[in-house]
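Hello,

Here is the structure I promised to pass on to you. Have a look at it first, and then read my notes below.

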Amino acid sequence: MAKLTVHHLQVGQGERIPFLLEELNIPYHIKLYQRSPLLSPPELKAKHPMGASPLLEDATDDASNPILLAESGAIAEYIIHKYGNGRLALPPSHPNFADYLYWFHFSNGSLQPGLFRRALTRGMVPSEEDPRFIGNDMRVKGSIAHVNDRLLKTNAYLAGDEFTAADVMMVWCFTTMRKFEPADLTEYEGVLAWLKRCTDREGYRRAMKKGDPDLDIEAGISAKGPPLMDIFAKAMAGKKAGEKL
Ligand SMILES: N[C@@H](CCC(=O)N[C@@H](CS)C(=O)NCC(=O)O)C(=O)O
């Protein structure tokens with residue numbers, strides 16, 4: 001049996017990994033870390049050169065020298081292919097293989113960096129009329145509309161009819177990540193219906209109970225989004241310059 005430990009910094013993208021493991025019914029241990037005050041605490045920083053979450057520790061083959069893997073996407077692929085028999089991925093022979101790859105990578109490759117850039121710009125410009133904010137805002141709105149169009153087309157999941165790891169990767173961008181950068185989803189019916197489909201899943205509920213039991217899931221999936229994490233907005237605005245984050 002696999003001996004997996006997920007190192008998860010609470011209220012963060014690490015939530016994807018327990019979600020995936022629960023969906024695949026693969027047993028794991030979870031070690032929780034709290035932000036200190038915004039970034040990783042010293043014990044998580046010490047575990048890997050990037051000091052970020054998620055981290056997967058795999059002691060299956062060698063308990064004295066476990067594999068330590070970072071990067072959400074790499075961890076997801078590792079789990080799917082090493083322990084999941086390829087479940088929740090689409091194979092190259094599947095007609096929607098290209099869709100699967102595209103949407104699997106879209107969250108960390110386009111939407112999430114776009115949201116983060118907009119958050120940074122928001123903190124740096126005098127007003128939302130500033131062209132630097134407008135440019136980033138247009139990119140985020142374009143990305144969300146692109147996801148919405150896709151979901152209105154499939155009327156199911158990102159890769160097509162089946163729930164896949166592409167959905168696991170994307171959900172956090174529309175839920176917990178909105179604690180860092182707000183995004184009103186009122187106009188995006190496709191995204192809202194898909195969010196409900198994904199977050200109604202038992203795997204998601206079990207994962208969130210283990211990883212972030214204090215997070216309000218209903219607020220996370222609401223059209224307006226969850227309450228913001230104040231310390232992040234302050235950090236983006238440079239209000240804590242000189243202080244340790
Ligand atoms: N590209 C990485 C990013 C990891 C990352 O930045 N994680 C955040 C959690 S949302 C983190 O650990 N932040 C705390 C820190 O960097 O100190 C991934 O996809 O796993």
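A word on the record before its annotations come up: UniProt positions are given in the numbering used here, feature names are shortened, and annotations may be inferred rather than shown by experiment. With that in mind, UniProt places "domain: GST C-terminal" (unreviewed entry) at residues 93-217, and it lists residues 1-87 for "domain: GST N-terminal" (unreviewed entry).

This is a predicted model, in which local features need pLDDT of at least 70, side-chain atom pairs count only at pLDDT 80 or more, and totals for chains, interfaces and linings use all residues. Residues are numbered from 1 along each chain as its sequence is written, and side-chain values use heavy atoms, with hydrogens and water left out.

Now the two annotated stretches. Helices (H or I, at least four residues) and strands (E, at least two) are DSSP runs, numbered from the N terminus. Residues 1-87 are 29% helix and 22% strand, with 17 Å between the end C-alpha atoms. Residues 93-217 are 67% helix and 0% strand, and there the end C-alpha atoms are 36 Å apart.

Next, some backbone details. Most residues other than glycine have a negative phi, and most peptide bonds are trans. Val 11, in the loop between strand S1 (4-9) and helix H1 (16-24), has a positive phi near 55°. Ser 36 and Pro 37 are joined by a cis peptide bond with omega about -15°; Pro 37 belongs to the loop between strand S2 (29-33) and helix H2 (42-45). Another cis peptide bond links Ser 53 to Pro 54, with omega about 10°, and Pro 54 is in the loop between H2 and strand S3 (55-58).

Ser 53 also brings us to the ligand. Which residues are closest to the ligand? They are Ser 40, Ser 53, Glu 71, Ser 72 and Asn 108, out of 13 that surround it (a residue is near if one of its heavy atoms lies within 4 Å). This shell divides into four nonpolar, seven polar and two charged residues. A backbone N or O atom of Ser 53 is 2.8 Å from a ligand nitrogen. A ligand oxygen lies 2.9 Å from a polar backbone atom of Ser 40, and a ligand oxygen is 2.9 Å from a side-chain N or O atom of Asn 108. Alone, the ligand exposes 510 Å², of which the protein buries 76% (Shrake-Rupley method, 1.4 Å probe).

Enjoy exploring!

Key. Polar contact = N/O pair within 3.5 Å; in protein donor to acceptor, adjacent residues only side chain to side chain. Nonpolar A, V, L, I, M, F, W, Y, C, P; charged D, E, K, R; others polar.
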